[in-house]
Amino acid sequence: LGVTVKTDLEAAEHFSGEDEDSFKENNGGVKPSDVVPDSSTRKMTKQCLPQLKKIHTTGDWWSLWIGLASFILAIALVFTVQYDHGSSRIKYVIPQPKRWETNPFEAWDLYGVIGTVLLLAFLCSLYLVSQNAMGKLESKPVCKYIKGFFSLGGIATLAFGIGRNKYCYLSGFGYAIFSIIFGMLITNSPLASGDRLSSLKIVAKDGEFFIKCSLALLATPFGILGEVGVGSLVVAWVGSPIALVLGFVFANQVLKMDTGLALLIATGATWCGASAISAIGSVIDAPGRDISLSISVVAFFTIFFTFAQPYLALGVGMNERIAGAWIGGSVDQTGNVIASAAIISEEATEVAAIVKIVLNSGLGILATAVAFIWQLRGPKDETKAFSWMFLWDKFPKFVLGYLLCSTVLSVLLPFIEGTAEADALQRAIITMNTWWFALGFVGVGMGTNIKELWHGARKSGIIQGYLVTNIIDIAISFGLSYAMF
């Protein structure tokens, strides 16, 4: 498009004084009116060309390309690695630490060790290609990025492995918590003072980018929405939006929190924690410190609610299905939802997982709605004219990846139903998502200064905003769960 428009404009500029017949003879029968664009065409060209360039030069688009490449790798491994029905390999087609109890070496076999190194090398190559396309490798040596990425990957692997411990898992202390804690401990210790760990610091700054790379991998088959029933849809897609709006209004109007920070913490408390915060943060161009602060607060308090809600449900004798739906709709982070509901029963865990999957699947709709509303805001929240081009610019591109990956799963799974590959496929995609999340959480942790975090949490009102919003979400989720289940 760019070459054609440029050529046509140049041809039009050379037409000065020629009669129409001469111009047609010199330009292959093309009339001057055919190559001189009108004002609307010139305006459209001026708007479209920068957007075409952004496809390979911006982080928003590259997070989509990396998500799709990771999705393709997951599918390729599912259909090339050898395993049978009932084999433990079905759970670990994507290299990762296994579940273990007392001996951490139980988490690793030869496939897992070699495969993890190769997987990190593949993810690193995707990262380097994206950084080169965005022009970030020009100022610093490539070797620094490689060293930093593998250092970050090593920390993420350690967090992933500890989170796989049976007792940590059942206690709600998953990889996400350890990734953030390890990152915070490193950056707030003498180890990272001055120029130390400079390579790691460079890559850790892209923690939010890594989380965005994982969002397309939240894909689920569209058919699941028809299987889960009306109850799960109501709890997930009615309760959470209402709680989000009420929590945002309280944080923004009552606590006088900054509009962007209030939206981030309300989203994290009512939707799906860190992934929702990262998605909405990219839509509203939130500062990195606000995203880190929101993720840290949500991750910290989620541990408490992971245990408080199931034991409260057991204490009052709540119906297992009601309890599962309640936990699925109000506890943040998928891993914490499973750990929380598992305290009650298998049936509660099944219902909780379904509600959480439905809630996660609505993240794209939420991000699109926020992009639509946010672009109407001018300085100091003044409204401004609507622009489709601006909306497209702010539209979260991971939604395109989510829709594409969900479509592939919806088409592919029915053909392989009942096979070992069908059992392994969605597990593989979730694991790939987990790897990007683990890398991202370490980066977020390293971007968090504990002193600034504590000061910001006290001064901004974010803790009060989170607690009130979460209580609203818990109350609405319970009411809808009781009504629907």
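Leaving aside neighbours within four places in sequence, Asn-360 is in contact (heavy atoms within 4.5 Å) with Cys-272 and Thr-334. Asn-360 belongs to helix α19, residues 346-361, where helices are DSSP runs of H or I with at least four residues and strands are runs of E with at least two, numbered from the N terminus. Its relative accessibility of 9% places Asn-360 in the buried class, given that buried means under 20% relative accessible area, exposed over 50% and partly exposed in between, with a 1.4 Å probe and protein chains only.

The model is a predicted one, in which local features need pLDDT of at least 70 and side-chain atom pairs count only at pLDDT 80 or more, while totals for chains, interfaces and linings use all residues. Residues are numbered from 1 along each chain as its sequence is written, and side-chain values use heavy atoms, with hydrogens and water left out.

The protein has 25 helices and zero strands, and 52% of its 485 residues count as buried. Among contacts with a separation of 6 or more, 75% are between residues 24 or more positions apart. The mean pLDDT, the predictor's confidence in each residue on a scale from 0 to 100, is 83, and 85% of the residues reach 70 or more. Among the elements, helix α6 (residues 110-133) has the highest mean pLDDT, 95, whereas helix α1 (residues 2-14) has the lowest, 44. Over residues 1-17 pLDDT stays under 50, and the model has 11 contacts beyond four places in sequence for that stretch. Where pLDDT is low, the predicted coordinates should not be read in detail.

Helix α11 (residues 207-215) has eight of its nine residues buried, so it is largely enclosed by the rest of the structure. The buried residues of α11 include Phe-209, Phe-210 and Ile-211, and also Lys-212.

Phi of Lys-256 is near 60°, a positive value in a residue other than glycine, and Lys-256 is exposed, with a relative accessible area of 63%.

On the α14 side, Leu-261, Leu-264, Ile-265, Gly-268 and Ala-269 meet Asp-290, Ile-291, Ser-294, Val-297 and Val-298 of α16.

Helix α15 (residues 273-283) also packs with α16, at an angle of about 165° and with the axes 9 Å apart, which makes α15 roughly antiparallel to α16. Gly-273, Ala-274, Ile-277, Ser-278 and Gly-281 of α15 make this contact with Ile-291, Ser-294, Ile-295 and Val-298 of α16. Asp-285 is found in the loop between α15 and α16, and phi of Asp-285 is near 55°, a positive value in a residue other than glycine. Asp-285 is exposed, with a relative accessible area of 52%.

Notes. Axes fitted to C-alpha atoms, helices over the stretch in contact; angles between N-to-C directions. Parallel < 35°, antiparallel > 145°, perpendicular 65-115°, else oblique.
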